[in-house]
Amino acid sequence: MRYAFFRALRPAVHTTIRLRLTCGLSNGYLKNMKFILFDIDCTLIDSGGAGTKSLDLAFEEMFSISDAFKNINMAGKTDLGIIREGINLHGIEYSDEVIPGFCETYIKHLRHYINNDRGHIKAGVMEALETLRQDEGLTLGLLTGNIAEGAGIKLEHFGLNSYFKIGAFGDDDENRNNLLPIAVDKFHKQHSHRISYSDCVVIGDTPMDIRCSKPYGALSIAVATGPYSFDALSDAGADVVLGTLEDTKRFVSFLIR
Ligand SMILES: [Mg+2]
């Protein structure tokens with residue numbers, strides 16, 4: 001609203017005021033902003049197997065091999081990393097050129113199979129997101145191995161898309177450990193403010209979620225709502241481990257202290 005008002009002013013005045021506004025924001029709430037980055041699968045939602053099924057069907061369509069991913073542990077990996085692993089496992093020569101076609105086929109199946117009766121939002125997630133959204137000191141984002149289009153389909157299905165305006169995805173980089181700097185760069189582009197890694201919080205259900213935050217000094221919160229136990233996540237070095245996100249008050253207390 002305020003920005004629309006400034007746009008109406010003549011260009012010279014607009015530039016001056018906008019600079020002051022940006023500066024004011026940097027010195028104000030943005031300086032104290034926390035950037036909260038959520039994983040998707042087994043943290044926010046369970047897709048009811050739609051992701052795995054769609055990858056399998058895409059592989060079958062592309063390479064005539066069924067159940068290609070049955071011996072691959074996908075938890076915490078990026079989609080592109082999983083696809084590469086599947087291709088290598090089955091002795092197919094890897095080429096970057098197959099990736100766009102593979103992803104297109106995967107997305108086609110995902111759009112269909114996300115509609116199943118096993119998928120659900122994880123316990124406490126809606127309450128937590130609603131609470132966090134109302135705090136102006138927090139920016140909610142995604143840090144996920146899903147390719148961006150796949151992430152959008154999964155979140156849209158469960159009505160969660162509107163909580164997230166920014167994210168780093170599995171097609172931004174195949175290596176999950178590179179996704180936090182990418183998210184921080186996107187935050188910079190969106191807000192004209194370079195957020196400190198120490199003001200970032202990464203939330204996920206696997207040791208890989210924890211590992212991708214550690215080198216940068218971000219806080220890692222692990223939730224034992226996926227394939228890894230509370231103890232396994234604790235042993236992996238999470239700063240905080242929660243059984244679920246159901247205790248909203250306690251969860252939020254780690255984000256705003
Ligand atoms: Mg996960």
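View 1. Strand β6 (residues 200-204) is largely enclosed by the rest of the structure, because five of its five residues are buried (20 or more other C-beta atoms within 10 Å of a residue's own, with C-beta atoms placed from the backbone; 12 or fewer is exposed, and in between is partly exposed). Cys200, Val202 and Gly204 point one way from β6, while Val201 and Ile203 point the other way; all are buried. Strands (E, at least two residues) and helices (H or I, at least four) are DSSP runs numbered from the N terminus. Residue numbers start from 1 along each chain as its sequence is written. The model is predicted: local features need pLDDT of at least 70, side-chain atom pairs count only at pLDDT 80 or more, and totals for chains, interfaces and linings use all residues.

**View 2. Strand partners of β6.** β6 pairs with strand β1 (residues 34-38) in the parallel sense over four bridges; pairing requires that DSSP find at least two bridges between two strands. Within this pairing, Val201 of β6 is the bridge partner of Ile36. Strand β7 (residues 219-223) also runs parallel to β6, joined to it by four bridges. There, Ile203 has Ile221 of β7 as its bridge partner.

**View 3. Surroundings of Ala148.** Ala148 lies in helix α7 (residues 148-157). Ala148 counts as partly exposed because it has 16 C-beta neighbours inside 10 Å. Leaving aside residues up to four places away in sequence, Ala148 touches Phe169 and Asp171 (contact: C-beta atoms, placed from the backbone, within 7 Å). Gly167, 19 residues apart from Ala148 in sequence, is 8.4 Å apart from it in space, C-alpha to C-alpha.

Key
Two residues are in contact if their C-beta atoms, placed from the backbone, lie within 7 Å.
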